[in-house]
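Please open the structure in your viewer and keep the selection tool at hand.

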Amino acid sequence: MDNITLVLLFGAGVLIGMADLIGSGALEPVYMAAVILAVVPLAFVRYISRERRARAAMLSAAANNVRSFSALKREAKLKIPKDLPMRESEAALVGLTKLGAARSMAMLIRKPLLRGKITEICDFADIVLDTIRHMPSDTPAATLFCETHLSKLIDALDYCFSAPAKKEGTAPLKEDARALTDRHELECFNTFLSVFKRQQEFILLESKRKIRV
């Protein structure tokens, strides 16, 4: 990009120098040509450079997110007591049905980052369901997760599809506003990971109390 900038500036300088040699009568149009030659391409180069930096930042953030989520999954899996036998949980069966519906809806989302985030949420929900299956019985926390939290996830996904339909006929969002909306969606869905992580802790805590009793 720096070489292109130098070439454009050099070309503009040449045109201005030619105008001085030709005389004042030809000065104005040549100056205009020099400005067009220098400013317009430079503006385009700057736009492309900014887009590339934004894309690189997005890819870097996505890579960091993948590493963070991998660590979160490892931590959650280690909390599942492997010494307890796996059982057929009624709550987990309900949760599995709802989670299957959430995965099907996630596949239809066109935004790659949002689709990836929801896939992460569903993967973590699988770990919570696996935790429930390794518990001695279904606790209130397990039932709450399967019947309420997963239902709220489906409701949030349903809103993703219904909201654009309600906005049909309105003026399209500008690029900055659209980016802000996308970021807000990711932040909203990211709260599900926090809720699911906390709910796994409640399930483990309630199950330990039952074992002690």
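A residue is called buried when its relative accessible area is under 20%, exposed when that value is over 50%, and partly exposed in between. The model on display is a predicted one. With the cut-off in mind, select Cys-146: its relative accessible area is 1%, so this residue is buried. Select Cys-122 next; it also counts as buried, at 1% relative accessibility. How many disulfides does the structure contain? The count comes to zero.

**The whole chain**

Now display the entire protein as a cartoon. Six helices and zero strands are present, and the order of elements from the N terminus is α-α-α-α-α-α. Of the 213 residues, 28% are buried. The accessible surface amounts to about 13,900 Å², and carbon and sulfur atoms supply 63% of that area. Consider also the contacts with a separation of 6 or more: 83% of them involve residues 24 or more positions apart.

**Helix α3**

Select residues 90-106, which form helix α3, and find Leu-93 within them. Is Leu-93 buried, partly exposed or exposed? Its relative accessible area is 40%, so Leu-93 is partly exposed. The C-alpha atoms of Leu-93 and Leu-129 are 8.7 Å apart, although 36 residues separate the two in sequence.

Side chains of opposite charge can pair when their charged atoms come close. Begin with Asp-126 and Arg-103, whose side chains form a salt bridge with an N to O distance of 2.4 Å. Because Asp-126 belongs to helix α4 (residues 112-133) and Arg-103 to helix α3, this pair ties together parts that are 23 residues apart in sequence. Asp-126 is partly exposed at 30% relative accessibility, and Arg-103 is partly exposed at 28%.

Proceed to Lys-111 and Glu-185, where the side chains meet in a salt bridge of 3.0 Å, N to O. Which parts of the chain does this pair link? Lys-111 sits in the loop between α3 and α4, while Glu-185 lies in helix α6, 74 residues apart. Lys-111 is partly exposed, at 34% relative accessibility.

Next, select Glu-120 and Lys-117. Their closest N and O atoms are 3.3 Å apart, and the two residues form a salt bridge. Both belong to helix α4 and are three residues apart, about one turn of the helix. Glu-120 has a relative accessibility of 10%, so it counts as buried; Lys-117, at 7%, is buried as well. To finish this part, select Glu-75, Lys-79 and Glu-201, which are joined in a network of salt bridges.

**Aromatic rings**

The structure has three aromatic pairs. Show the rings of Phe-192 and Phe-196: their centres lie 6.0 Å apart and their planes meet at 70°, so the pair is edge-to-face. Both residues are in helix α6 (residues 175-212), four residues apart, about one turn of the helix. Phe-192 is buried, with a relative accessible area of 14%, and Phe-196 is buried at 0%.

Terms used
Residues numbered from 1 in each chain as written. Predicted model: local features only at pLDDT ≥ 70, side-chain atom pairs only at ≥ 80, totals over all residues. Heavy atoms only, no water. Helix = DSSP H or I, 4+ residues; strand = E, 2+ residues; numbered from the N terminus. Buried < 20%, exposed > 50% of the residue type's maximum accessible area, 1.4 Å probe, protein only. Disulfide = S-S within 2.5 Å. Phe/Tyr/Trp six-rings, centres within 6.5 Å; stacked < 30°, edge-to-face > 60°. Contact = heavy atoms within 4.5 Å. Areas by Shrake-Rupley, 256 points an atom, 1.4 Å probe, with all protein chains shown as cover. Salt bridge = Lys/Arg side-chain N within 4 Å of Asp/Glu carboxyl O.
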